[in-house]
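Thanks for coming. I have one structure to go through today, so please look at the screen.

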Amino acid sequence: MDEGNLSRFETGKYQNPKAYLGYHFLFNLSIDSPIKDLFYQDNDELIHRCFQLIEILETKSKTNKNRLRLKGLNSIISRLTEQQEKYEDNQ
């Protein structure tokens with residue numbers, strides 16, 4: 001994301017759900033309720049896709065880059081699962 005889009009995103013003028021989710025997962029920032037509701041409807045699919053990526057990465061060579069990728073995917077799965085549970089408790 002370039003500086004202009006980042007600025008629009010931070011001031012609320014840029015309404016891109018993918019950007020919201022990217023910031024949410026990469027920096028553990030909160031997201032607005034409408035986007036959150038939309039996101040949690042498809043949460044199981046994202047978790048499933050992360051597990052598929054892990055399976056693929058585990059067949060690759062054990063490089064530092066792949067270890068970091070696996071660590072990142074496991075972190076995302078943990079956050080998705082934790083946030084899904086919190087969301088369901090609040091429903």
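I will go from the overall fold to the core, then to one residue, then to the pocket.

First, the ground rules. This is a predicted model, in which local features need pLDDT of at least 70 and side-chain atom pairs count only at pLDDT 80 or more, while totals for chains, interfaces and linings use all residues. Residues are numbered from 1 along each chain as its sequence is written, and side-chain values use heavy atoms, with hydrogens and water left out.

The fold. The protein has five helices and zero strands, and its pattern along the sequence reads α-α-α-α-α. Helices here are DSSP runs of H or I with at least four residues, strands are runs of E with at least two, and both are numbered from the N terminus. Of the 91 residues, 25% count as buried, meaning under 20% relative accessible area with a 1.4 Å probe, protein chains only. The accessible surface, by the Shrake-Rupley method with a 1.4 Å probe, comes to about 6900 Å², and 51% of that belongs to carbon and sulfur atoms.

Now the core. A nonpolar core is a set of buried Ala, Val, Leu, Ile, Met, Phe, Trp, Tyr and Cys residues joined through side-chain atoms within 4.5 Å. The largest one has six residues: Cys-50, Ile-54, Leu-57, Leu-70, Leu-73 and Ile-77. Helix 4 and helix 5 are the elements that give two or more residues to this core. Leaving aside residues up to four places away in sequence, Cys-50 touches Leu-73, Ile-76 and Ile-77, where contact means heavy atoms within 4.5 Å.

With the same exclusion of residues up to four places away, Asn-66 touches Leu-57, Lys-60 and Ser-61. Asn-66 and Ile-54 are 12 residues apart in sequence and 9.7 Å apart in space, C-alpha to C-alpha.

Last, the pocket. On a 1 Å grid over the protein atoms alone, a pocket is an open set of points where a 1.4 Å probe fits, with protein on both sides within 12 Å along at least five of seven lines; lining residues have an atom within 4 Å of a point. The largest pocket has a volume of about 230 Å³, that is, the space filled by probe spheres set on the points. Its lining is Phe-25, Leu-46, Arg-49, Cys-50, Leu-53, Leu-73, Ile-76 and Leu-80. Helix 4 gives the largest share, four residues.

Definitions and conventions. Buried < 20%, exposed > 50% of the residue type's maximum accessible area, 1.4 Å probe, protein only.
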